[in-house]
Amino acid sequence: MPGSLEDKIQRSGNVAEMLRNSPAGAYTYPMKPEFSNWRDEQRAWATTAVLFDQSFHMTDVYFRGPDALRLLSDLGVNSFKTFGKNKAKQFVACNYDGYVVGDAILFGLDNEEFSLVGRPIAPNWVAFHAETGEYDVKVIHDERSVANQGRRLTFRYQLQGPNALKIVERAAGKPIDRIKFFNIGEFSIAGCTVRALNHTMSGIPGEEMTGLEMMGLSEHGAEVLAALLAAGKEFGLREGGNRAYPTTAIESGWIPSPLPAIYTGEQMKPFREWLGGDSWEANASIGGSFVSGNIEDYYLTPWDLGYGHVVKFDHDFIGRAALERRAGQPHKRKVWLRWNDDDVARIVASSLFGGEQRAKYMDMPSANYATGPYDKVLIGDRLVGFSANVGYTVNIGGWASLAMVDEADAVDGTEVTLVWGEENGGSAKPSVERHVQTTLRATLSTRPLV
């Protein structure tokens with residue numbers, strides 16, 4: 001019997017070891033690997049446009065009722081003073097000690113109706129409080145496809161690139177009203193109602209509507225998709241697959257894989273007992289060269305992940321007191337690391353031709369092999385942070401990763417050393433072959449590489 005997450009932790013003896021050796025690999029994106037080739041699909045979001053079908057890999061949880069906004073405000077570090085219908089935000093939730101539980105995009109669908117969309121953890125955390133707390137809220141779970149054998153409630157298409165607006169207007173048959181950044185608009189395609197969020201998955205956010213996340217009833221998905229693809233032919237539109245998709249985050253700077261800070265703490269125990277032993281949280285994996293037997297060494301604060309600017313102390317929420325204590329202290333800072341081309345070439349060659357002394361294989365274009373990558377970043381022999389979410393994009397022209405390093409060391413142009421591969425020949429994860437650790441050089445940037 002799977003029992004609960006708490007049961008699984010108690011049986012394991014050490015949750016850090018449990019997650020390090022979990023059989024789960026990188027996060028699953030149930031879409032076609034490539035529609036053309038991942039290089040041209042990457043190039044398209046910078047030069048023409050790419051369409052990703054996001055209808056299957058994210059968890060959607062809907063919250064409806066008079067207490068829905070209060071529920072979200074009680075859990076989110078964000079301000080909710082002006083939030084409501086046709087607004088959206090990157091919702092961030094913390095545990096009682098101020099460490100990040102998870103983040104997701106929060107959609108204001110109506111004055112008393114909201115949805116959280118993303119990896120399962122943040123939607124589950126809010127659903128737990130809605131279902132166990134004193135809130136007049138109805139919760140509707142629309143699980144990601146790997147956990148749901150039925151049809152999803154909505155379709156969700158991300159159209160990204162300089163020609164995105166032209167394609168949408170051609171598909172709609174008329175100009176559409178401009179949508180402010182992280183706001184939601186509405187229009188019709190193929191006779192079907194479509195709601196669209198203006199946000200970007202790559203590049204620099206702005207008002208230009210180069211990124212639109214469109215959603216509607218799932219039964220209309222095929223018609224809307226066909227209309228978008230037909231409209232995009234003259235504008236260089238490409239469909240994007242699951243090989244290119246995770247590399248968008250490397251360019252935009254979103255760290256998608258922090259370990260949720262839920263595995264310890266007496267106050268978090270009811271949530272662990274609510275989560276099943278077969279849940280995503282119970283089967284996540286840790287990978288990389290940073291190894292600790294204390295799971296709390298993997299926990300991160302909002303500042304570490306680049307979310308410090310969304311923390312607002314204008315309301316009470318779980319973790320507020322802890323975050324207030326930390327606000328003036330040093331933090332880690334989110335940065336980009338541009339990996340050294342020669343060192344990457346050496347590692348790739350070693351992984352293929354190194355025999356018993358081979359390096360850890362770097363899959364292309366995304367080399368993540370665990371749910372939560374944590375590779376050591378050093379200056380000299382000093383550990384200054386962790387690298388996560390590594391990959392290659394043609395727009396960067398090489399390999400890069402997102403990282404979190406100590407603020408004092410977050411200086412543009414600094415050369416750091418990254419430890420690639422796992423210690424002692426690798427963990428028991430099926431995604432990890434026997435290998436030896438190696439190091440590579442990388443150059444730090446506090447700004448996007450594209």
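Reply: Let us begin with helix packing. Axes are lines fitted to C-alpha atoms, for helices over the stretch in contact, and the angles between their N-to-C directions run from 0 to 180 degrees. Please keep in mind that this is a predicted model. In this model, helix H4 (residues 68-75) packs against helix H5 (residues 121-132) at an angle of about 120°, and their axes are 10 Å apart.

Me: Which word describes how H4 lies to H5?

Reply: Angles of 65 to 115 degrees count as roughly perpendicular and those over 145 as roughly antiparallel. With an angle of about 120°, H4 is therefore oblique to H5. The crossing of these two helices is right-handed.

Me: Which residues of H4 and H5 make the contact?

Reply: From H4 come Leu 71, Leu 72 and Leu 75, while H5 supplies Trp 125, Val 126, His 129 and Ala 130. Divided by class, the residues of this contact are 6 nonpolar, 1 polar and no charged.

Me: How do the axes of H6 and H7 cross?

Reply: Helix H6 (residues 164-172) and helix H7 (residues 221-232) have axes that come within 8 Å and cross at roughly 120°. H6 and H7 are therefore oblique to each other, and their crossing is right-handed. On the H6 side, Ile 167, Val 168, Arg 170 and Ala 171 meet Ala 227, Leu 228, Ala 231 and Gly 232 of H7. The contact of H6 with H7 has 6 nonpolar, 1 polar and 1 charged residues.

Me: How is a pair of aromatic rings described?

Reply: One gives the distance of the centres and the angle of the planes. A search of the whole structure finds 25 aromatic pairs. One of them is formed by Tyr 27 and Trp 280, which are edge-to-face, at 6.4 Å centre to centre and with 75° between the planes. This pair links distant parts of the chain, 253 residues apart: Tyr 27 is in the loop between helix H2 (15-20) and helix H3 (38-47), and Trp 280 is in the loop between helix H9 (269-274) and strand S12 (286-287).

Me: Is Tyr 27 buried or exposed?

Reply: A residue is called buried when its relative accessible area is under 20%. Tyr 27 has a value of 9%, so Tyr 27 is buried. Trp 280, at 15%, is buried as well.

Me: What kind of pair do Trp 339 and Trp 399 form?

Reply: Trp 339 and Trp 399 form a stacked pair, with 6.5 Å centre to centre and 25° between the planes. Trp 339 lies in strand S13 (residues 332-339) and Trp 399 in strand S17 (residues 398-406), so the pair ties together parts that are 60 residues apart in sequence. Both Trp 339 and Trp 399 are buried.

Me: Which residues do ring pairs link into a cluster?

Reply: The cluster holds Tyr 27, Tyr 29, Trp 45, Phe 52, Tyr 245 and Trp 280.

Me: What should I note about the backbone?

Reply: Met 364 and Pro 365 are joined by a cis peptide bond, with omega about 0°. Pro 365 is found in the loop between helix H11 (341-353) and strand S14 (372-373). Consider next the angle phi. Ala 190 is not a glycine, yet its phi is positive, about 55°. Ala 190 lies in the loop between strand S8 (184-189) and strand S9 (192-198), and at 43% relative accessibility it counts as partly exposed.

Me: Where does Asn 424 lie?

Reply: Asn 424 lies in the loop between strand S18 (415-420) and strand S19 (438-445). Asn 424 has a positive phi of about 60°, although it is not a glycine. With 74% relative accessibility, Asn 424 counts as exposed.

Note on methods:
Residues numbered from 1 in each chain as written. Predicted model: local features only at pLDDT ≥ 70, side-chain atom pairs only at ≥ 80, totals over all residues. Heavy atoms only, no water. Helix = DSSP H or I, 4+ residues; strand = E, 2+ residues; numbered from the N terminus. Parallel < 35°, antiparallel > 145°, perpendicular 65-115°, else oblique. Left-handed = near helix turned anticlockwise from the far one by under 90°. Contact = heavy atoms within 4.5 Å. Nonpolar A, V, L, I, M, F, W, Y, C, P; charged D, E, K, R; others polar. Phe/Tyr/Trp six-rings, centres within 6.5 Å; stacked < 30°, edge-to-face > 60°. Buried < 20%, exposed > 50% of the residue type's maximum accessible area, 1.4 Å probe, protein only.
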